[in-house]
Amino acid sequence: MASWADDAVIYQVYVRSFADSDGDGTGDLEGVRSRLDYLVDLGVDAIWVTPFFPSPMVDGGYDVTDYRDVDPQLGTLAGVGALLRDAHARGLRVIVDVVPNHTSDQHPWFRQALSAPPGSAARDRYVFRAGGTEPPNNWLSVFGGPAWTRLPDGDWYLHLFAPEQPDLNWENPEVRAEFVDILRFWLDLGVDGIRVDVAHGLVKPPGLPDAPYPGERGNRPYFDQEGVHAIYREWRRVLDAYQPPRIMVAEARLRDIERTARYVRPGELDQAFNFEFLWAPWSASRIRAVVERSLAAMAAVGRLPTWVIGNHDEVRVASRLAAGAPAATAAGLAPTAAGCAPHAAGACAMATEWSTGDDLAAGAKAAATGLRRARAMALLSLALPGSAYIYQGDELGLPQVTDLPDAARQDPVWRRSGGRAPGRDGCRVPMPWAGQEPPYGFGPPGSAPPWLPQPPLWGHLSVAAQHGDPGSVLSLYRAALRLRRETKALHGPQLTWLNAPEQVLAFTREAGFACVLNTGSTAVRLEQLDLPGPLTLASSPVEQEGVLPPDTAAWFVGGTAAQ
Ligand code: GLC
């Protein structure tokens, strides 16, 4: 293994929604620190903490005004030190988020740029272009609407995301030097890794050409330019100067894992989030195809894949995989394609990207199926060779909250689409820790209401409610993570497919371990599979020996697996 992260289980902490220590309704770093024992008990190896830097919070902290400090609402720099110390004392590693594609429009550099004239050095840190009344090209923002905003003096500036997130100019040596310095700042403080936000976006194509089909997701000329890789080769050299070794993980939302793999070639980053896996539909053959492609693409560059089933930008896995729906209407979660006005094409592209493809109107039955499938996906993702990511709350089986009041929604996607795209708030609702009513122990007694309202019926989903319940999602995650740690067979690179019926995916790892997933709507008999041991863990109750129920995954562990 090249680094500690190669087979690590990494838990994503979305700070604002994890735990609120001071009762202001927003989660904070002290809240994370106070819950480290929960994470140790869960059994993860590391945490990735989403941005906590000073920010006007237009995009939940992905709009940074100072890359070397902590937002007062979320904590202090000394608090980061305390978090690192306490995490390390418990054997947990810590990854922080760096946002190099854009700053906040309130960042001192952008304020200087605004008060400096067109053509000035201050403007050259960003992507400014002279223009007439039309934007310099037809690019659309990922969040909807044009990717350009015009200043009163006639200059336009580029923002691939919200107008409050101006893109930096990575051709400018000062920008490059600044981020090397920012990396060193956090590495010197003792962080174990860096997540690189929008890793595929930093370098824009020369001449900023028009996109051939601007509304279409695959047609964004501003992503995945060859030039980004030189930046990561430089960053690798920075990281390699540290002991113990530090890691970098790329957020590059690319459709093809083969393109993603180029970010983890020797001399570049260590990991890249596997979006193809996250977007795979509920079908054994489709999932198997993605797993095969992921393993092959990563093997070609000497790496193992990551297995990601959720994050703060995606519909919760328990809702995404909900059943019974005509694909793509995504009621309650995203607009229908027909509902997209032409000027909102960017937002629609993103809404599609972040929609479920499932119709939740089928109600409770769909929700129950979604949860069964999410449990099965958890077992699958923890059984595959490589590293697995867990998004906070998925270990509780939290569903997407689809009925947030409009006034509560904060995601710029919601505003910029004029309410046509629901945005990502529904997967960011604060964690329920205990009790029968909001805020479910999210903050201390008497706290301000959480920054996003929690549903009234989440009491049974809380950590406290699930803690002692052997049938809970939390107990499943704990058992799986314990078994994963104890089972040596799960830590090598090997995977061998077993012949299985069409609705079934089955594989062995090194001697003594097998995982079987049934995505079909009927139970399957397992006798024709050559399984190495008894059923040890299943995502749903298995009532009849040798028969795997629908929407269920199981682990089979033989005597040799632990050696
Ligand atoms: C990444 C983040 C997302 C953010 C965007 C812009 O995709 O995960 O939350 O909105 O970058 O920074």
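Which residues do ring pairs link into a cluster? They are Y67, W170, F179, Y232, W235 and Y263. This is a predicted model, where local features need pLDDT of at least 70, side-chain atom pairs count only at pLDDT 80 or more, and totals for chains, interfaces and linings use all residues. Residues are numbered from 1 along each chain as its sequence is written, and side-chain values use heavy atoms, leaving out hydrogens and water.

**View 1. Y67 and F179 form an edge-to-face aromatic pair.** Their rings lie 5.1 Å apart centre to centre, with 75 degrees between the planes. (Rings of Phe, Tyr and Trp, the last by its six-membered ring, pair if their centres lie within 6.5 Å; planes under 30 degrees apart are stacked, over 60 edge-to-face and the rest tilted.) Y67 is buried, with a relative accessible area of 5%, and F179 is buried too, at 1%. (Buried means under 20% relative accessible area, exposed over 50%, partly exposed in between, using a 1.4 Å probe and protein chains only.)

View 2. Y38 sits in helix α2 (residues 36-42), and W433, 395 residues away, in the loop between α13 (412-416) and α14 (463-467). (Helices are DSSP runs of H or I with at least four residues, strands runs of E with at least two, numbered from the N terminus.) Both residues are buried.

**View 3. Strand β1 (residues 9-13) runs parallel to strand β2 (residues 46-49).** Four bridges join the two. Look for I10, whose bridge partner in β2 is A46.

How values were computed: Pairing = 2+ DSSP bridges.
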